[in-house]
Amino acid sequence: MPATKLSTNQTKVILASASQIRKQMLKKHFKNIIFKDHLVNEEKIKNQIKSPKQLVSTLAREKVISIKHLFTKEIIIGADQILVCNEKIFSKPKDLGEAKQNLLVLKNKTHILLSSIYVMKDNKFYFKKTKKAELFFKDISISKIEHYMKTNHKTVLSTVGSYKIEDNDKYNFLKVVSGDMETILGFPIANFIRKINEEK
């Protein structure tokens, strides 16, 4: 069941992310939102933590902690998503060559998306959630992969898997094995919204 929208627009929320899809999802529930880039060195943390679940939850938490000194009375939300295939953790590609390699590795395989959020309220821990989804990337041709990359430059360079689930209706390259859409999109907020509503 979808989370109920907040009954008030007075709650101020800080999103420690530049993700457009997370901004859009949050706007469905809040009007008083500030978008603030986090101050986390993600690569440093990725080099220190090898467990995928621990990594994604740590990144979400550290994004909040990195800006909490700026917003001591508000709700701050941090989020992160990682992709795991054949026990390898994927990051956003550095260039188109790496993006193509990522897509070729995913081809004809099942991969896991781990999505996590961490929330502070009034400078204290308030909520956290990590969820998992499994997707199968179909055995599409290299020419179709190259066509997708050619027409979606921004997407392939700005997402961990070098694709967007929103493009699947057009390109039909993915099958959802398990998991809900908010997890696939990288922002599992339904239970957080529910908790906020229950307190009003």
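Trainee: How many residues line the largest pocket, and which of them lie nearest its centre?

Mentor: First, a caution: this is a predicted model, where local features need pLDDT of at least 70 and side-chain atom pairs 80 or more, while totals for chains, interfaces and linings use all residues. Residues count from 1 along each chain as its sequence is written, and side-chain values use heavy atoms, without hydrogens or water.

Now the pocket. Its lining has 32 residues. Ser 19, Lys 92, Ser 158, Thr 159 and Val 160 lie nearest the centre. The volume is about 920 Å³ (the space filled by probe spheres set on grid points joined across faces, edges and corners). A pocket is an open set of points on a 1 Å grid over the protein atoms alone, where a 1.4 Å probe fits, with protein on both sides within 12 Å along at least five of seven lines; lining residues have an atom within 4 Å of a point.

Who builds the lining? At least two residues each come from α1, α2 (42–48), β3 (75–85), α6 (153–158) and α8 (181–185) (DSSP runs numbered from the N terminus: helices are H or I, at least four residues; strands are E, at least two). The largest share, 4 residues, belongs to α1.

Follow the chain on from α1 (20–27). Phe 30 sits in the loop between α1 and β2 (33–35). Phe 30 and Phe 192 form a stacked aromatic pair, 6.3 Å centre to centre and 25 degrees between planes (ring centres within 6.5 Å, planes under 30 degrees apart). Phe 192 lies in helix α9 (residues 190–198), so this pair joins parts of the chain 162 residues apart. Phe 30 has 2% relative accessibility, so Phe 30 counts as buried (under 20% relative accessible area, 1.4 Å probe, protein chains only). Phe 192 is buried too, at 0%.

Take Ile 77. Setting aside neighbours within four places in sequence, Ile 77 is in contact with residues including Val 13, Leu 26, Phe 187 and Phe 192 (heavy atoms within 4.5 Å). In soluble globular proteins, nonpolar side chains tend to be buried together.

Phe 137, Tyr 148, Tyr 163, Tyr 171 and Phe 173 form one aromatic cluster. Tyr 148 is buried, at 3% relative accessible area.

Key: Rings of Phe, Tyr and Trp (its six-membered ring) pair if their centres lie within 6.5 Å; planes under 30 degrees apart count as stacked, over 60 as edge-to-face and the rest as tilted. Buried means under 20% relative accessible area, exposed over 50%, partly exposed in between (1.4 Å probe, protein chains only).
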